[in-house]
Amino acid sequence: MKHLLLQLTVQVFLALCCFVPFTAAHHKSASFPGYGFGWYDPVCGHACNSAIASAPLTCTSMDHHSGGGHSHSPTSPECRAGDTAFLTTLAYCMHSWCDPDKTPTWRREKFWETSVTGDEHVLPKWSYSEALAEVRERPTVEFDSTPHTVLDQTVVVRRETYELQSKFMTNFDYIELLQTTYIFVILGVAIGTPICFTFAARLPYLTAFIDHIKPYLVYPATIGNYNVRPLPWLLGNSPTVGQSLYIVMFFIVNLVLSSINYSHSQPHPWGFGPKEEILAYIGYRTGHIAFALLPLLILFSGRNNFLLCITNWSHATYLLLHRWLARIFTFHAIVHSVTLLVTYQGTGSYPTESTLPYWIWGVAATVLACAMLLLSHLYFRRLSYELFLVLHILLAIFLIVGCWYHIVLRWEYNFYMNWLYASCAIWAFDRVLRILRVVKNGVRHAVVTELGPDHVRIDVPGVRWVNKPGHMAYLYFPMLNPLRPWENHPFSVVSTTLIRDAKLEELPVAVVSPADVVEQKDRTSLRADADRVERYAVEAVGATGVTFIIKKSAGLTKMLKTHDRLLTLLEGPYQQTLTSDILKCDRVLLIGGGVGIMGLAAWTRAHPRVKLAWSVKSSAKALVAELDILLKSVTDREVLIGERLNIETLLRSEVQAGYGRIGVVVCGPGAMCDDVRDVVARLGRVGNTVFTLEVDAYSW
């Protein structure tokens, strides 16, 4: 019923528009203003058309009022199409004011067919050339713009009347051209910055310089020692200095390009004063910028963001930028709404405009943007992340619907829709790829084993992923909560062979060659060895797959208990941290806390010089015992139970060892990650040791 009412509203409103002079017929273009489209192209045609638009024609119907008075109704497209005086006056005006070089006859004819009647589907009875040929003598009567004077003969449009329209239209199209150009600049800055910095880091002469500035810009947090862990009172997460520079730079670019190069044209044909005219232009520009930021917002939040493939910026960085871009988007939406509200109040048209459907949908979209911003606060995300995520997606859908109707009900389908099409396409692309990843991995059944009261081990057999460090996957457990089967959580990927591989090494060398066994053993011992080979072969097959160790917390993971065949879906693997720069280092230091060891496990086999430092709470002894095989495979290790790692001492000892370039990978609680970030930044500013830091942490 609601959808039917919306459709009916749209149809009624568009039907009414057919009777309003100069509807948006010529505004239905997918090209952007100044780049294949002009609101008033050609200016001379639109200026002449608008100059005589207010004049009633002989075919214009009359409205009779109860008091005995009467007034003219809006002239219909059919009336304009067949009115001789209107067509000849317009043709003569265009002939008089159109520059034959800038606006040749073919362009005038095109304008004539699409815009003269106000409805591109209603064609005038004559072409432009035919209407001009009907003007046998030069008209001498000047056009009278008073609303009650009927246009019943060919008249001359005065220079003052024409220039009032043409000056405004030329200025408006120029401002719209600047608007489009500035939007392309904003998007270019947003996407081009990470691309440029990524490729700059690969240039041979900039490597040393970038290594030098990382401890000052890339590694340290902007506010104190807060980055992964939230600021006090859950105010949010502090970005790094480099991330802050991007955010400030992008905000300044938006602010400047939203504020410059406005000019007014007075007197204004729409009745705007100088103040209202400038405010209107600001409103138009900020509204368009907000539309253009929508695809960028969705792109930065996606798991399949193409920038992750071509830049060295992490998914966590793009998620943080997504939040800040959302604030800038909301800023533009609010400015757009406020400036146009003041504009229409100043002209006295607010009571009429504010009741139109397009206005109501625009207000709804702005309110939804503000609501999303408020409900995305860290407090609500931590209160119930699953509820936040569902609500966030629903509000985003309603926001796009509001933007859609805000445009369709005002302009029908034009270039603004490009941004909405792009937003929907990016969202759909990300979702389809996520589904395809799940389908590719197939339906799996995991073995869940409880490791003490706080941790569980999940083995998913049969999944053959390359054992590369820095990768993660999203796990779905549809049967744990059938009411919300879409819930999923990210976890570090560890190949099961890293944990069980050592068991295969216990096989005696003799079993490698059955012939040797026959020579050395009798029939009884051969059968015993065959049984052992079969048993270990089964274990070897069981070792193919991926393993996750998860700490129970509120929500879905709290429901995980011992299970032999838990229905599991896997989405991934995704690259969480970059590995190339770390693996080029002379030494790799792995620092972990709690289940953060799972984010470091694959690194233990990726570099010949690895040191592992891991601390766990006393209650997690079972976790240490479970990973005994993995720990024994690392020669240089430091494992603390019930104690904290001394990050400062740990890193200083590596510096004193004389390594020229040290790679540091940290995965663990937020406080540990932030401590490592702080110490690496401080040590990187002194001495000759170069640090490469990767923080593998998931932030709310």
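These legends go with a set of close-up views of one predicted model.

**View 1. The whole chain, before zooming in.** The predicted protein has 25 helices and 16 strands. Of its 700 residues, 48% are buried.

View 2. As background, nonpolar side chains in soluble globular proteins tend to be buried together.

**View 3. Zooming in on Leu296.** What does Leu296 touch once its neighbours within four places in sequence are left aside? The partners are Leu187, Ala190, Ile191, Phe250 and Leu325.

**View 4. Strand 10 and its two partners.** Strand 10 covers residues 545–551 and runs antiparallel to strand 6, residues 455–461, with seven bridges joining the two. Two of the pairs to pick out are Ile458 with Phe548 and Asp459 with Thr547. Strand 9 also pairs with strand 10 in the antiparallel sense, this time over two bridges. There, Val494 is the residue opposite Thr547. Is strand 10 mostly covered or mostly open? Mostly covered: six of its seven residues are buried. In general, side chains in a regular strand alternate between the two faces of the sheet.

View 5. Arg434 belongs to helix 17, which runs over residues 416–441. Why does Arg434 count as buried? Its relative accessibility is 10%, and the cut-off for buried is under 20%. Not counting residues up to four places away in sequence, Arg434 touches Arg303, Asn304, Tyr476, Asn488, Glu571 and Tyr574.

View 6. Rolling a probe the size of a water molecule over the atoms shows where empty space is left. Here the count is one cavity of 30 Å³ or more, and the largest cavity has a volume of about 40 Å³. Its lining is made up of Lys468, Pro469, Gly470, His471, Ser492, Val493, Met598, Gly599, Ala602 and Asp696. By type, that lining divides into four nonpolar, four polar and two charged residues.

View 7. Lys468, one of the residues lining the largest cavity, is in the loop between strand 6 and strand 7 (471–476). With a relative accessibility of 48%, Lys468 counts as partly exposed. The C-alpha atoms of Lys468 and Ala606 are separated by 7.8 Å, although the two residues are 138 residues apart along the chain.

View 8. Asp41 and Pro42 are joined by a cis peptide bond with omega of about 5°. Pro42 is in the loop between strand 2 (36–37) and helix 2 (43–51). The other cis bond shown joins Gln266 and Pro267, with omega of about -5°. Pro267 is in the loop between helix 9 (241–257) and helix 10.

View 9. Most residues other than glycine have a negative phi, and most peptide bonds are trans. Trp233 is not a glycine, yet its phi is positive at about 60°. Trp233 is in the loop between helix 8 (207–218) and helix 9, and at 78% relative accessibility Trp233 counts as exposed. Asn261 also has a positive phi of about 60° without being a glycine. Asn261 is in the loop between helix 9 and helix 10, and its relative accessible area of 43% makes it partly exposed.

Methods
Residues are numbered from 1 along each chain as its sequence is written. This is a predicted model: local features need pLDDT of at least 70, side-chain atom pairs count only at pLDDT 80 or more; totals for chains, interfaces and linings use all residues. Side-chain values use heavy atoms; hydrogens and water are left out. On a 1 Å grid over the protein atoms alone, a cavity is a set of points where a 1.4 Å probe fits but cannot get out, and a pocket is an open set with protein on both sides within 12 Å along at least five of seven lines; lining residues have an atom within 4 Å of a point. Grid points are joined across faces, edges and corners, and a volume is the space filled by probe spheres set on the points. Ala, Val, Leu, Ile, Met, Phe, Trp, Tyr, Cys and Pro count as nonpolar, Asp, Glu, Lys and Arg as charged, and the others, Gly among them, as polar. Two strands pair if DSSP finds at least two bridges between them. Helices (H or I, at least four residues) and strands (E, at least two) are DSSP runs, numbered from the N terminus. Contact means heavy atoms within 4.5 Å. Buried means under 20% relative accessible area, exposed over 50%, partly exposed in between (1.4 Å probe, protein chains only).
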